[in-house]
Amino acid sequence: INWSHITHMLRRKANESGIFGAFEDREGSRPAKRHKEYERDDDRGDSDIEQKLETLVFGNAPFQSLDRALAHHGSDGDDDESASDEEDKTDKPEVKSLRTERQAAAWHDSDDDDVSVNILSQKRLKKLRKTSQEEAISGTDLSTRLRTQFEKLTGGARPEWASIRRGKKKRRPRHSSSSSSEEEEEDEFMQRTGDLLAPSSIKLPPSHVSVTRLRDLNRTEAVVQCVEFHPSASIVLTAGFHKTLDLIQVDGQANPKLHSLHIQGFPITCAHFTRDGREVVLAGRKRSFHVYDMVKGKVTRVYGIKGHDKCWFEGFKVSPDNSLIVFLGKDGYMPLVSNRTKQWIGDLKMNGTVKSIAFTPDSKHLLSSGSDGRVYVWDLSTRDCVHSFTDEGCLLGTSLAVAPNNKYVACGSDCGVVNVYDGQCLTSERPTPLKSIMNLTTSISCASFNPSSELLAFSSKLNKGALRLLHFPSLTVFSNWPQQNSPLGHVSSLDISPQGTYLSVGNDKGRALLYRLNHYCKGTSSA
C-alpha cells in the first residue's frame with residue numbers, strides 16, 4: 001500500500017473542501033501574508049495537518065502516524081496472525097453451541113407448554129384421551145400422544161427421517177467408482193421402510209362372530225350359480241342360468257351395477273376373474289367357453305378343447321399365478337388350458353369322475369377329488385400324480401379348499417361331512433383329520449377360506465339355510481350365525497372378499513346377499 005500517495009490525495013481533497021479554513025487568519029489578513037507564514041512554519045504545519053488527517057480518517061482515538069502504522073503493519077504480521085488465531089479459538093465454543101442447536105429436532109417448540117388444546121373440539125382428537133373426563137391438554141402432551149399414535153400405526157418403529165443422527169457420517173471419497181453406494185448413503189432413509197399399516201395382532205375370537213347384513217348386490221329371476229369378488233378392485237361378479245353376467249361395485253350402501261353382459265343361448269354355470277383382474281372366463285353346459293375382456297369390452301368365444309370335443313365344460317378354476325385354467329372334464333380328465341393363449345396344453349387323468357379341484361397358494365400343485373373317495377395331488381410342473389390319500393369316511397368328494405397359509409385342507413363330501421387336514425395328508429395315504437365337521441347333513445357344494453385362514457365358509461344347496469362358518473385354529477363352528485331367521489335360502493354359491501371384509505352369498509331366489517364381517521372391517525372400507 002502506497003501510504004504517501006494516500007496522504008497526498010487526502011491532503012489535496014482537504015484543501016479543496018476547505019477543511020483547513022480554520023488555519024486562515026481570523027483577522028482577515030491578506031492571502032500572501034498567510035502563505036508566507038505557512039512557509040515559515042512548514043515543519044510544524046505538516047505535523048499538524050497529519051494529525052488533522054488522522055483525526056478525520058480514524059476518529060478522535062489516538063493513532064500512530066501513517067508511516068509508523070505502515071512499519072508496524074510490516075513487522076507485526078505474525079502477531080496479528082496469532083491474535084486472529086486466538087480470536088478463532090474464542091469463537092469455537094459458539095460454533096459448537098450452534099451445531100448443538102442444529103441437532104435439535106425441528107418439531108420441538110418451547111411454546112408448546114403454553115398452549116392448551118381442547119381435544120373434545122374435534123372427533124379425530126377424542127381417541128387421544130386417556131380418560132373420559134379429560135378435556136384439555138398442553139401442546140407438548142398433544143405432540144407426544146400424536147407421536148405415540150403414529151408409532152402404533154407403523155408397528156412401533158420410528159422412521160429413519162424422524163431420528164436425530166448422533167454420529168458423524170463418514171465422508172465419501174471425491175472420486176468413487178460405485179455410484180450405487182453413493183446413492184445409498186445419500187438416500188439412507190429411503191432404504192428401509194416399514195408397513196404403512198400395522199399388521200393386525202387381534203385374532204378372530206372362536207366363540208362369537210359379528211356379521212351385519214348390507215344391501216343386496218343383485219336380484220335376478222334365476223339361481224345365482226356363481227358369485228366372486230375381484231382380486232384387487234371393489235367389484236363383484238354374479239352370473240346364472242339367465243345368461244347374464246353382472247359386474248357390481250361394492251360399497252355396502254348403494255352397490256351400483258357397473259355393467260351387464262348378456263350372452264344369447266349360453267346359460268352360465270361357472271364364472272371366474274383371472275388373477276390379474278383383466279378378464280372374466282365364463283363356462284356353461286356347452287362345448288365351448290367365453291372370455292370377456294373388461295379393458296377392451298370384447299367377448300371372445302373359444303370353440304372346444306383339443307381331444308375333448310364331445311364333453312361339456314361346466315366347471316373350472318384359474319391358478320393363483322394366472323398361468324393355467326383347469327376344467328372339470330369327463331371320465332376323470334382335467335384339461336389344462338393356457339390362460340395367455342386360451343389353448344389346450346395338456347391333460348390330467350384321475351380314477352373315477354372328477355367333482356372338485358383346488359390349487360395350492362404357490363400354484364405348484366393341484367388337488368382333485370371325485371367319485372372314488374380319494375384326493376389326488378398333482379405336480380403341475382411335471383403333470384404327474386405325486387400323491388393320493390383316502391378322505392376318511394368319504395364315498396363321493398364334492399368340494400375342496402386349501403387355506404391361503406397352506407396349512408389346512410378342507411374336504412367336503414356328499415354326506416355333509418367336512419374333514420379338515422393338516423400337512424400330514426400330503427405324505428400319508430390314510431391321514432387322520434384334525435376334525436370332522438358334521439353340522440350339515442347334505443352334500444357340500446361350496447367351501448372357501450378367508451385370506452387370513454381364520455375362517456372357513458361351507459354350504460349345501462340342498463337344504464335351506466345350510467351355511468356354516470368354521471373358526472381356525474380352534475376348529476369350532478360359530479353358533480351365533482347364521483340364525484334361524486337369516487334369509488339365506490338355498491345357498492348356491494359363496495365367496496369372501498380379498499381383504500376378508502365381505503361375505504357374498506348367492507341363493508335360489510336370484511339374490512346375491514352381502515354381509516359384512518365386522519372383525520375385519522375396522523379401519524378399511526375396501527372389499
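## Overall fold and local backbone features

In this predicted model, residues 24 or more positions apart account for 46% of the contacts in the chain with a separation of 6 or more. The secondary structure consists of eight helices and 31 strands. The chain has 527 residues, of which 39% count as buried. Its accessible surface comes to about 31700 Å², and carbon and sulfur atoms contribute 48% of that area.

**Backbone features in loops**

| Feature | Residue(s) | Angle |
|---|---|---|
| cis peptide bond | Phe472 to Pro473 | omega near 5° |
| cis peptide bond | Trp481 to Pro482 | omega about -5° |
| positive phi, not glycine | Asn322 | phi near 65° |
| positive phi, not glycine | Leu475 | phi near 60° |

The loop between strand E27 (467-471) and strand E28 (476-477) holds Pro473, and Leu475 lies in the loop between E27 and E28 as well.

Pro482, joined to Trp481 by a cis peptide bond, is found in the loop between E28 and strand E29 (491-496).

Asn322 is placed elsewhere, in the loop between strand E13 (316-318) and strand E14 (324-327). Is Asn322 buried or exposed? At a relative accessible area of 18%, Asn322 is buried, because the value falls under 20%.

**A four-stranded sheet**

Strands E9, E10, E11 and E12 form an open sheet in the order E9-E10-E11-E12, with antiparallel pairing. Which strands stand at the edges of the sheet? These are strand E9 (268-273) and strand E12 (298-303). Each has a single partner strand, so one side of each has no neighbour in the sheet. From one strand to the next, the twist averages 20°.

Within this sheet, E9 and strand E10 (residues 279-284) run antiparallel and are joined by five bridges.

Key. Residues are numbered from 1 along each chain as its sequence is written. This is a predicted model: local features need pLDDT of at least 70, side-chain atom pairs count only at pLDDT 80 or more; totals for chains, interfaces and linings use all residues. Side-chain values use heavy atoms; hydrogens and water are left out. Helices (H or I, at least four residues) and strands (E, at least two) are DSSP runs, numbered from the N terminus. Buried means under 20% relative accessible area, exposed over 50%, partly exposed in between (1.4 Å probe, protein chains only). Contact means heavy atoms within 4.5 Å. Accessible areas come from the Shrake-Rupley method with a 1.4 Å probe; for residues, only the protein chains shown count as cover. Two strands pair if DSSP finds at least two bridges between them. Axes are lines fitted to C-alpha atoms, for helices over the stretch in contact, and angles run from 0 to 180 degrees between N-to-C directions.
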